[in-house]
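Biologist: I have a new model open and would like to learn how to read it feature by feature. Could you take me through it?

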Amino acid sequence: MKRSIAYTMTIALILCLAPLLIAAARVGEAAPDFTATASNGKTVKLSANLGKYVVLEWHNNGCPYVGKQYNSGNMQRLQKQWTGRGVVWFTILSSAPGKQGYVTASEENDYMAKMHAMPTAALLDPTGEIGHLYDAKTSPQMVVINPQGVVIYDGAIDDKPTTDLNDVPGAINYVNLALEQSMAGKKVEIPATRPYGCSVKYAD
Amino acid sequence: MRKRDSRPGFSAALALVLAFLSCAAKADASEAPIPHGTIEIVAQNESIEPGRDFNIALHFQLDKGWHIYWANPGDSGEPPRVEWKMPKGVTAEEIEWPAPHRLGTPTIVDYGYEDAVTLIVPVRTEKNLAAQQSARIDAQVKVLICREMCIPGKAQLSLTLPIKSQTAAPNSKTAGLFAAARKSLPQHAPQGWKFSVDNTKSSFVLTGNVGRQTTRAIFFPLNESQIDNAAAQDLAPTDAGFRLTLRKSEQLLKPIARLKGVLVLSDDRAYWIDLPVNKPGAAQNNSGMNVEPQHFVKEGKKT
């Protein structure tokens, strides 16, 4: 009897996890929901932000492609500009413990203070659950979700896949493009690109 | 995360001084360090003969486990980039990329080279190059070196070769390196082999007729965002070859006219593939052309 309860529970667990495991984010489809702990200690639920645009930014502070965006001040500028316009911005840290880019909550808070980063929140994802849910390949991979909860952009931050700070000023920023076009009621011209950068440092 | 100096003025000045010093010290170096390795510039011949093309190469030697990238880096990373400075009448062509390897994890797959790789660069020379002078070739290389993590590297390399009117003699010291590098370059498929690509909703199906059953085939797409790099490539051996199913990339939102890339078969030989993609539902075109274009240059923007 005990065994059959365990069995039933296992099946139930598999069934309820199954959509999670297969429902990787796709442009044009509903953004998979998740709940996460932010570095400020708050619990964040993606679906609580329906009605607003949401940007997801995959982060790893040791990655030189992320360094390009932060040391040039570009990422902070984008965060400030778009959160100022009511966009919810989540920085997501999917590095596993012991891997490059893994930080504790307080280390992330120190980093954000030092870099003057201004996301709505930095979400700690050491198990890689959110990363895998969105099939995030790189940092800084970017995802834009519209107020209806649909993914409207997934890919690179811009069209210059380099670590060179000099490439920031002339780059076409795909996040800006998606947000501007969508907010203007237009079709997002470039909804998906190769998300260049460092591979996300998931657990082995 | 390495700690950064909090005095930007100071560190910028220091960087400038260091850059200047290293520049001055290595102005003529044919070999330079990069993070976790070295790059060397080598020439196939002892001299340059005006009007006669020749080869130079960049040889990367990397610490164990570190890698650099192919022309299409796959899910992450970027290929090495070279800025050439050559005398008038001497011009570098595109890098000839050896067949890459699949690197990475089950969910993130990159295309590149571990341990060591030699990138051959053909060089064109004009007939009216003045004899008895020498030609100095400078290369500024930007390269991303990765293992678990990635480190960008930069190197300034230089090579000076005499210009002589007589036939250029091969450099015996580099002959082995060039011979090995040539061997790792993808070839044109033999006459008589037939390939075709069919388009299904979620995949490209590459059919090869190579005269014998094939039990190993890996395809490397030259252009990004066409196939799902991390997806398993499903191989079905046939009597005369194989059928290889390549899952489409999530980033592929428009149909593509051609599929280009490198195909590595059982004997570890690599072949260039450049095929029209048959429309969905079209009869399988097994007499598909085996087109052999002159240049395999990546499409799209160049940075």
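**Reading the two chains**

Modeller: Gladly. Chain B is divided into two domains, domain 1 (29-183) and domain 2 (187-278). Please keep in mind that this is a predicted model.

Biologist: Which residue counts describe the contact between domain 1 and domain 2 of chain B?

Modeller: On the domain 1 side there are 13 residues, in contact with 11 residues of domain 2 of chain B. The centres of these domains, taken over C-alpha atoms, are separated by 28 Å. On the side of domain 1 of chain B that touches domain 2, β4 (67-74) and β8 (109-114) of chain B each supply at least two residues. The largest share, four residues, comes from β4(B). By class, that side of domain 1 divides into eight nonpolar, three polar and two charged residues.

Biologist: Now the sheets. What should I look for in the five-strand sheet of chain B?

Modeller: The general idea is that strands of a sheet pair through backbone hydrogen bonds, either parallel or antiparallel. Here the sheet is open, with the order β1-β2-β3-β9-β6 in chain B and antiparallel pairing.

Biologist: Why do β1 and β6 of chain B each have one side without a neighbour in the sheet?

Modeller: β1 (31-34) and β6 (90-92) of chain B stand at the edges with a single partner strand each, so one side of each has no neighbour in the sheet. From one strand to the next, the twist averages 25 degrees. To follow one pairing, take β1(B) and β2 (residues 37-43) of chain B, which pair in the antiparallel sense over four bridges. There B:Ile34 stands opposite B:Gly37 in β2(B).

Biologist: Which helix lies across β2, β3 and β9 of chain B?

Modeller: That is α2 (residues 175-183) of chain B, which runs at about 85 degrees to β3(B).

Biologist: And chain A? How many helices and strands does chain A have?

Modeller: Chain A has six helices and nine strands. Seven strands form an open sheet in the order β2-β1-β5-β4-β3-β7-β8 of chain A, and here the pairing is mixed. The edge positions belong to β2 (43-45) and β8 (151-155) of chain A, each with a single partner strand, so one side of each is left without a neighbour in the sheet. The twist in this sheet averages 30 degrees from one strand to the next. Within chain A, β3 (residues 54-58) and β7 (residues 142-145) pair in the antiparallel sense over four bridges, and A:Val54 stands opposite A:Ile145 in β7(A).

Biologist: What share of the contacts in chain A with a separation of 6 or more is between residues 24 or more positions apart?

Modeller: The share is 76%. As for burial, buried residues make up 44% of the 204 residues in chain A.

Biologist: How do I read the largest nonpolar core?

Modeller: In soluble globular proteins, nonpolar side chains tend to be buried together. In this model, the largest core has 110 residues, and those touching the most other members include A:Met142, A:Val175, B:Leu58 and B:Ile145. Strand β10 (residues 134-146) of chain B gives the largest share, eight residues. Both domain 1 (29-183) and domain 2 (187-278) of chain B give residues to this core, so it lies between them. Leaving aside neighbours within four places in sequence, A:Met142 is in contact with residues including A:Val55, A:Tyr153 and A:Val175.

Biologist: Finally, how many residues of chain A and chain B are in contact?

Modeller: 26 residues of chain A are in contact with 20 residues of chain B. The chain A side has nine nonpolar, 10 polar and seven charged residues.

Definitions and conventions. Residues numbered from 1 in each chain as written. Chains lettered and ligands numbered in written order. Predicted model: local features only at pLDDT ≥ 70, side-chain atom pairs only at ≥ 80, totals over all residues. Pairing = 2+ DSSP bridges. Axes fitted to C-alpha atoms, helices over the stretch in contact; angles between N-to-C directions. Contact = placed C-beta atoms within 7 Å. Nonpolar A, V, L, I, M, F, W, Y, C, P; charged D, E, K, R; others polar. Core = buried A, V, L, I, M, F, W, Y, C linked by C-beta atoms within 7 Å. Buried ≥ 20, exposed ≤ 12 C-beta atoms within 10 Å, placed from the backbone. Domains from an automatic or database assignment.
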